[in-house]
Amino acid sequence: MRGVKIVATLGPASAEPATLPRLLAAGVDVVRVNAAHGSAASHRDAITRTRAACDTAGRTVGVLVDLPGPKLRTGAVEGDLVHLDTGNPFTLVGGDREVVGDATRVGTTVPQIATWLRAGDDIFLADGEIVLQATRVVGDDVETEIVRGGMLRSHKGMHVPSAEVHVDSFGAHDDAALTLARRVRADFVGVSFVRTADDVAGVRARLPARGVRPAIVAKIETAAALQHLDAIVDAADALMVARGDLGIQVPARQVPFLQKDIIRAANRAGKPVITATQMLESMTRSPLPTRAEVSDVANAVIDGTDALMLSEETAVGDHPVEAVRTMADIAATAESWPRATVLPIAGGDEVDRVGWAVAHASVLAAEDLQVAAILCPTASGTTARRVAAFRPSMPIVGLSFDPRVLGRLSVMRSVHPLPFARCTDAETQNRLAVDAARAAAIVKRGDLVAVVSGAPGRGRGHTDRVRIVRV
């Protein structure tokens with residue numbers, strides 16, 4: 001059974017009722033809606049259709065709502081498309097003036113752009129395709145030289161690495177998206193433009209003390225985040241290697257190595273990590289990936305990622321189902337490649353050393369006995385997460401009576417979420433766990449399984465027992 005999970009972004013190419021069941025069958029484990037695009041109503045409809053398809057298929061699939069974050073953009077350009085030539089002067093118009101851009105100037109969504117920049121600062125347009133360098137500030141405007149030209153469309157993204165300190169990481173659009181995430185009972189929220197652990201804590205503080213509290217996925221996409229990575233890992237519930245923006249903030253040649261560092265940091269903390277951006281980008285239009293993309297996906301799996309994410313490939317691509325199926329095949333093949341496991345180290349708020357020790361011992365026993373599966377009845381998901389952190393070779397079955405917990409398990413490597421009845425004694429718990437795994441055809445009669453859990457009724461997050469059971 002494939003362990004690495006697949007996150008697929010919903011969009012016009014994938015949100016139709018006829019397409020969703022095919023995506024699930026191809027191997028989607030988590031669906032993502034990007035709140036930077038589309039409307040709240042369209043996102044709600046897509047999530048509702050997804051859950052209906054999951055109910056029909058008998059699947060548990062997580063829901064990730066990606067907060068838009070601060071989006072600095074250029075304004076409109078004449079004819080919606082203009083070519084900027086390398087070496088030419090170009091002006092970023094500030095203040096409150098609205099202009100129609102051309103090959104010499106463009107407006108921005110940042111009225112105070114002139115106060116953010118000084119001569120020598122780099123500005124990236126169109127997701128990094130175009131590079132400008134500031135030459136001087138004149139009033140509200142910034143005059144630049146085009147270092148790398150290209151095609152500029154209206155309302156494209158603008159990145160100003162030197163001005164990070166001026167940008168508020170959480171704005172009105174993020175607040176609306178967070179409200180949407182709560183209303184649709186999302187399992188995860190992706191927090192954009194994280195620079196320090198305070199950015200994560202600020203979003204967590206906006207969640208209610210009770211009720212729907214999605215797990216927080218910190219997107220590592222800024223240079224500042226790399227300087228505070230350990231604290232961000234401690235503060236977040238999961239990480240995302242957001243390679244697109246990260247490759248603009250730092251030299252692109254460093255991104256493959258930073259990816260390994262971020263994945264290793266998440267593995268050591270025993271927290272899930274998603275690798276994202278351009279993994280199978282050519283499949284947006286082509287039915288087949290490039291060899292380089294196959295290698296990229298496989299290497300992320302070997303690095304230790306929990307999940308792989310598809311963006312445009314499934315949102316607006318011509319071959320969304322084929323992209324999911326291709327990624328699933330590559331991931332399953334890469335999992336068989338031997339790699340050194342990064343053992344987690346309990347730290348930060350993970351003070352339950354007993355729970356971590358029991359999870360580690362259960363994996364050692366499972367590997368020694370070559371059990372068919374590790375079954376984890378769990379009220380909070382903590383037991384399954386801890387076991388998954390040690391990367392056992394056999395599948396992990398996360399069993400919970402709480403649909404919200406099942407949704408969170410959907411992103412964890414090798415964890416297969418299954419619904420499970422609430423019970424109050426250990427013998428019943430073990431029996432029901434085995435019955436559920438058999439019904440799902442994960443184990444069969446005669447197999448050995450390891451059942452890892454906390455004592456029923458003791459409370460959430462207390463992993464204190466492991467039992468080897470013959471099915």
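**View 1. A patch of negative charge on the surface.** In this predicted model, the residues Asp127, Glu129, Glu281 and Glu312 gather on the surface, where they make up a patch of negative charge. One of these residues, Asp127, is found in the loop that runs between β7 (122-125) and β8 (130-138). Asp127 has a relative accessibility of 51% and therefore counts as exposed, the cut-off for that class being over 50%.

**View 2. Helix α9 and the residue that follows.** Helix α9 comprises 15 residues (residues 255-269), which at 1.5 Å a residue should span 21 Å, and the C-alpha atoms at its ends are 21 Å apart, in agreement with that expectation. The buried residues of α9 are Val255, Leu258, Gln259, Ile262, Ile263, Ala265, Ala266, Asn267 and Ala269. An α-helix has 3.6 residues a turn, so residues three or four places apart point the same way. Just after α9, Gly270 takes a positive phi of about 70 degrees.

View 3. The side chains of Asp303 and Lys260 meet in a salt bridge, with an N to O distance of 2.7 Å. Asp303, at 15% relative accessibility, counts as buried, whereas Lys260, at 31%, counts as partly exposed.

View 4. Glu427 forms a salt bridge with Arg467, and the closest N and O atoms of the pair are 2.7 Å apart. Because Glu427 lies in helix α16 (residues 426-439) and Arg467 in strand β21 (residues 465-470), the pair ties together parts that are 40 residues apart in sequence. Arg467 has a relative accessible area of 40% and is partly exposed.

View 5. Asp435 and Arg431 form a salt bridge in which the closest N and O atoms are 3.9 Å apart. Both residues lie in helix α16, where Asp435 and Arg431 are four residues apart, about one turn of the helix. Asp435 is partly exposed, with a relative accessible area of 38%, and Arg431 likewise counts as partly exposed, at 45% relative accessibility.

**View 6. A network of salt bridges.** Arg2, Asp29 and Arg59 are linked in a network of salt bridges. Side chains of opposite charge can pair when their charged atoms come close. The structure as a whole holds 18 salt bridges.

How values were computed. Residues numbered from 1 in each chain as written. Predicted model: local features only at pLDDT ≥ 70, side-chain atom pairs only at ≥ 80, totals over all residues. Heavy atoms only, no water. Patch = residues over 30% accessible without salt bridge, like charges linked within 9 Å, V, L, I, M, F, W, Y side chains within 5 Å. Areas by Shrake-Rupley, 256 points an atom, 1.4 Å probe, with all protein chains shown as cover. Salt bridge = Lys/Arg side-chain N within 4 Å of Asp/Glu carboxyl O. Lys, Arg positive; Asp, Glu negative; His and termini not counted. Charge placed at Lys NZ, Arg CZ, Asp CG, Glu CD. Helix = DSSP H or I, 4+ residues; strand = E, 2+ residues; numbered from the N terminus. Buried < 20%, exposed > 50% of the residue type's maximum accessible area, 1.4 Å probe, protein only. Expected span 1.5 Å × (residues − 1).
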